[in-house]
Every structure is written in C-alpha cells, then in structure tokens.
Amino acid sequence: MAEHRLITAYRDDLLAQLPAHLADEVSDGLADAQEKYIGQGLNPDQAASAAIAEFGNARMVVDGFRRACPAWRAARALIVTGPVVGGWWAAALIADRAWDWPIPMAVRLLVGVMLAGSVLLLVASARARRYQQVRRAGLAGCLGLAVLDACVITTAVLLGPNLRWLLVVAVCVSAVRLTFVVGGLRRLVSQPGV
C-alpha cells in the first residue's frame, strides 16, 4: 500500500527537522498505526488521521527526539555544573597566584576565548529547536570543554608551584567533568546523523 498523503506530509515536516533515518522510522510507525486503524474498520483517511493523533504533532515528536539527544543532555548538565567547576578553578588559581605563572598572554587569551566559545555552543545546543543544531553545537561545545579541561589540568600540574589542596580539588573536579564529557562525546559520535 502506498503511503497516505497525510503521513507523507508529516514525514516531510519531520525531514526538515530530523535526520532522515529518524523521520523514516517515525513514518514507518505511522504507517503501521494506520494499518491497525484500517483493521479496526476506519477508512484510509480516518486511519491516517487517527495514527497522526496517536503520535502527536510533528513538533512534539521533534521535541521528544531533541530531549533524548545526548548532546542536549550533556549541554544542560555542563551548563549547570560549569559555575561549580569554574569556582573551584578561580579559588585555586587566585590562591596559587596564577598570574605569576610563566604562561604567555596569547595562551591566556586563547583559553578565555575557548572557554567562552564552548559555553556559547553549549547554550546554543541546550536552546536549539532543530535536532541537528542540538547535536552539532553540543558536539563542538563538549569537544571544546574536553580540550580545555585537559589543557588546564596539564598546565596546573606542570606549572603550579605547589599543589595546594584547592588546586588538587580543581584538578579532580575538572577530571570528573572531562570523564563525563568524553563519555558524552563517545555517545554523540556513535550515533548516526551527526
């Protein structure tokens, strides 16, 4: 049986916002639901309408995929925990007088720009409405934070004059975040449609 025009229009709406494999999966489910309703005695138009009503409008389906996306979850978690990690680093770097460390100004600026860019990408991922925007911005933001955490941990361990307890805590907090981010990156990269 050919796909009903209502289901085709629904799939086309999904294709504008989701990767093709997800839109096709939903439209296959709609076709199955339509067949079920035809089996219950509805005509094809009524059955297609009933199937769409059962699934909800396309916006709801796209929102469901967006909220289930690992990039969206990771972005929100990193935005919430970012101030805690930043607070530990601020306290540790102030206590260790990090402004005296032998780090060129260009590197300091690069770290600041990288941090700001990563945070902006994570906010964009958490607020995006389109699934692909959520994934791409989340992936880039997570990657930026992973590189940043690895660099800051390495720099603190190598250049910190002495590893005071605040610096040790900041390194540990960043290491935990780095582990979380790397796990999130793995989940993002392993899914099709990035």
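The charged side chains of the protein comprise 19 positive and 14 negative groups, and the centres of the two sets lie 13 Å apart. In this count Lys and Arg are positive and Asp and Glu negative, with His and the chain ends not counted; each charge is placed at NZ of Lys, CZ of Arg, CG of Asp or CD of Glu. The model is predicted, so that local features need pLDDT of at least 70 and side-chain atom pairs count only at pLDDT 80 or more, whereas totals for chains, interfaces and linings use all residues. Residues are numbered from 1 along each chain as its sequence is written, and side-chain values use heavy atoms, with hydrogens and water left out.

The secondary structure consists of eight helices and zero strands, in the order α-α-α-α-α-α-α-α from the N terminus. Helices (H or I, at least four residues) and strands (E, at least two) are DSSP runs, numbered from the N terminus. The radius of gyration of the protein is 24 Å, while a compact globule of 194 residues would have a value near 16 Å. This quantity is taken over C-alpha atoms, and the globule rule is 2.2 Å times the number of residues to the power 0.38. Along the principal axes, the C-alpha atoms fill a box of roughly 80 × 30 × 20 Å.

The accessible surface amounts to about 10,500 Å², and 67% of this area belongs to carbon and sulfur atoms. Areas were computed by the Shrake-Rupley method with a 1.4 Å probe; for residues, only the protein chains shown count as cover. Of the 194 residues, 39% count as buried, where buried means under 20% relative accessible area, exposed over 50%, and partly exposed in between (1.4 Å probe, protein chains only). Among contacts (heavy atoms within 4.5 Å) with a separation of 6 or more, 73% involve residues 24 or more positions apart.

Two residues in loops were examined. Glutamine 17 is located between helix H1 (5–15) and helix H2 (20–39), and it counts as buried because its relative accessibility is 11%. Its side chain makes a polar contact with the side chain of aspartate 13 at 3.3 Å. A polar contact is a pair of N or O atoms within 3.5 Å; within protein, one must be able to donate a hydrogen and the other to accept it, and residues adjacent in sequence count only if both atoms are side-chain atoms. Beyond neighbours within four places in sequence, glutamine 17 is in contact with Arg59, Val62, Arg130, Tyr131 and Gln132. Asparagine 162, in the loop between helix H7 (131–159) and helix H8 (165–190), is partly exposed because its relative accessibility is 37%. Residues up to four places away in sequence aside, asparagine 162 touches Asp96 and Leu167.

Alanine 126 counts as buried because its relative accessibility is 14%, whereas alanine 106 is exposed, with a relative accessible area of 56%. Outside the four places on either side in sequence, alanine 126 is in contact with Arg66, Trp72, Ala75, Arg76 and Ile79. Its C-alpha atom is separated by 5.9 Å from that of arginine 76, 50 residues apart along the chain. For alanine 106 and leucine 185, 79 residues apart in sequence, the C-alpha distance is 28 Å.

In helix H5 (residues 70–95), leucine 78 counts as buried because its relative accessibility is 4%. Apart from neighbours within four places in sequence, leucine 78 contacts Leu122, Cys142, Leu145, Arg177, Phe180 and Val181. Leucine 78 and arginine 177 are 99 residues apart in sequence, and their C-alpha atoms are 8.1 Å apart in space.
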